[in-house]
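Trainee: I would like to learn how to read a protein model. Please take me through the features one at a time.

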Amino acid sequence: MTARTGSFAAQLDSFWTNFGILDSTETTDSVDHPPPTLVQKIRSYFVTARHRLIPFLVVGGTAFLVNWGLFKALRMAGMTTRAQVFVAFVISMELSILYNFMFQYLWTWKDTARLRGLRFLWKVAAFHGAVGVGALIRMALFPIGQVLNVQDDLNFVIGVGVAAVFDFV
């Protein structure tokens, strides 16, 4: 604990230390505090990372729009069978993941070291690993929705929502 100086508490600490009641490395302020609650941890995180929150939300939101826009464009370009729609789904998802990575890297995390060559590729692979579970969930849910005849756009949004919840947790 940090020592207090010039206050009544510091004088009290000195008094108790002189009489051997308080170890000189302790203060009367060395009370055990309960661990922070989940809400306190989340609030603390957002307070310290608030300069990244807006870019993160903007890039994530536009990545969703890129994903959905590419998906719809590929379908309108003639990818209409179940297999083709699934391929369009996977292509649009991968391109939106790359979009998301690049803009998060360039804007949200602009204060981090810039990487080149293999280190940059490793960072891209690590990002894919981080979002990979959500992507796999989406790729598993989409064909199920197709078999159940869920409309493609709704099926797309359901997959994104489920994956987002899983990625957040």
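Trainee: Is F142 buried or exposed?

Mentor: Buried means under 20% relative accessible area, exposed over 50%, and partly exposed in between, computed with a 1.4 Å probe on protein chains only. F142 has 1% relative accessibility, so F142 counts as buried. Before we go on, note that this is a predicted model, where local features need pLDDT of at least 70, side-chain atom pairs count only at pLDDT 80 or more, and totals for chains, interfaces and linings use all residues. Residues are numbered from 1 along each chain as its sequence is written, and side-chain values use heavy atoms, with hydrogens and water left out.

Trainee: How many aromatic pairs does the structure hold?

Mentor: Rings of Phe, Tyr and Trp (its six-membered ring) pair if their centres lie within 6.5 Å; planes under 30 degrees apart count as stacked, over 60 as edge-to-face and the rest as tilted. The structure holds 15 such pairs. In one of them, F89 and F142 have ring centres 4.3 Å apart and planes at 15°, so they are stacked. This pair links distant parts of the chain, since F89 is in helix α4 and F142 in helix α5, 53 residues apart. Helices here are DSSP runs (H or I, at least four residues), numbered from the N terminus.

Trainee: What kind of pair do F89 and F156 form?

Mentor: Their ring centres are 6.2 Å apart and their planes stand at 90°, so this pair is edge-to-face. F156 lies in helix α6 and F89 in helix α4, so the pair ties together parts 67 residues apart in sequence. F89 is buried at a relative accessible area of 1%, and F156 is buried at 0%.

Trainee: Which residues do ring pairs link into a cluster?

Mentor: The cluster consists of F64, W68, F71, F86, F89, F142 and F156.

Trainee: What is a nonpolar core, and how many residues has the largest one?

Mentor: In soluble globular proteins, nonpolar side chains tend to be buried together. A nonpolar core is a set of buried Ala, Val, Leu, Ile, Met, Phe, Trp, Tyr and Cys residues joined through side-chain atoms within 4.5 Å. The largest here has eleven residues, including F71, F89, I97, F142 and F156. Two or more residues come from each of α4, α5 and α6, and α4 gives the most, with five.

Trainee: Which residues does I97 contact, leaving aside its neighbours within four places in sequence?

Mentor: Contact means heavy atoms within 4.5 Å. On that basis, I97 is in contact with F127, H128, V131 and A135.

Trainee: What lines the largest pocket?

Mentor: On a 1 Å grid over the protein atoms alone, a pocket is an open set of points where a 1.4 Å probe fits, with protein on both sides within 12 Å along at least five of seven lines; lining residues have an atom within 4 Å of a point. The largest pocket is lined by 36 residues, and F56, N100, Q104, V131 and D167 lie nearest its centre. Helix α3 gives the most to this lining, with nine residues.

Trainee: Where does N149 lie?

Mentor: N149 lies in the loop between α5 and α6. Its phi is positive, about 60°, although N149 is not a glycine. With 62% relative accessibility, N149 counts as exposed.
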